[in-house]
Amino acid sequence: MAEKRNRRAWIPLALTVSAVLLLGIYLSLRMTSPPPGANGIPDPCLQPVDAVTLATLPLATRFDFPMGSQNGALVYNAQRFTENRHLGDDLNGMGGENTDLGDPVFSVANGRVLYAGWLSDSWGNCVLLVHAYEENGARKYVQSFYGHLDHIHVKPNTDIKRGQQIGTVGTAAGKYLAHLHFEMREFATPYLGVGYRENPAGWIDPSGFLQTHRGAPESDLRPEP
């Protein structure tokens, strides 16, 4: 009888330990899972980029601005990188307000689409690209991120060229005045982000990077053939 009572006494403890272990496993999976899509389910296109994918990315030989004619000449930067902890540039048409609604948004370089879709009410439609380029003999990778789009013209896991239209300037379904939230990141793993952050480590000054890596005279406006 004493042995049976001892066994019964161990049952609640065993159940508690099992529950704690299961909770730990669940939290671990939540922390390591890719960001959820609009329906709360991890989007399959947000899986970590594998080595084969990185090795087969089309090479970006030059970079250009994502909006405006003459490489952004008709676009102004309403909120620059790191201003108010901003992680990108807010690009607007020269007319201001919603005059640029529906204007084309272009890929800044040859690359591959990691994400294309509705992200959230604050982001609206977004496109995330990854690019491979060579610098000082080394192969490097960067992301370009395009937020608040009105329409999207590309699909995940497809290769695109510099100057190819990926979407149009939007308002995140009326949440903001029309503009493009544009980011450049010096990492390849998919991350959709929050737009603002105290520490911008991993993010790059978009306009500065594009100017430095333009690789062509200002008069050369041709898209990738």
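In what order do the elements of the chain run from the N terminus on? The order is α-α-α-β-β-β-β-β-β-β-β-β-β-α, made up of 4 helices and 10 strands. Here helices (H or I, at least four residues) and strands (E, at least two) are DSSP runs, numbered from the N terminus. The model is a predicted one, in which local features need pLDDT of at least 70 and side-chain atom pairs count only at pLDDT 80 or more, while totals for chains, interfaces and linings use all residues. Residues are numbered from 1 along each chain as its sequence is written, and side-chain values use heavy atoms, with hydrogens and water left out.

Strand 6 (residues 138-152) pairs with strand 5 (residues 124-135) in the antiparallel sense over 10 bridges; two strands pair if DSSP finds at least two bridges between them. Within this pairing, Asn125 stands opposite Leu149 of strand 6. The hairpin of the two strands has 2 residues between them, and Asn136 there takes a positive phi near 55°. Strand 6 also pairs with strand 9 (residues 180-185), again antiparallel, over 5 bridges, with Phe145 opposite Glu183. Strand 8 (residues 165-169) runs antiparallel to strand 6 and is joined to it by 2 bridges; Val169 in strand 8 is the bridge partner of Leu149.

Attention now turns to the interior. Buried residues (under 20% relative accessible area, 1.4 Å probe, protein chains only) make up 44% of the 225 residues in the chain. A nonpolar core is a set of buried Ala, Val, Leu, Ile, Met, Phe, Trp, Tyr and Cys residues joined through side-chain atoms within 4.5 Å. The largest such core has 28 residues, and Phe63 and Tyr146 have the most contacts inside it. Strand 4 (111-120), strand 5, strand 6, strand 8, strand 9 and helix 4 (206-212) each give two or more residues to this core. Another core, of 15 residues, lies apart from it and includes Leu46, Leu57, Cys126 and Leu128. Beyond its neighbours within four places in sequence, Phe63 is in contact (heavy atoms within 4.5 Å) with residues including His131, Tyr133, Val142, Met184 and Phe209.

Terms used
Buried < 20%, exposed > 50% of the residue type's maximum accessible area, 1.4 Å probe, protein only.
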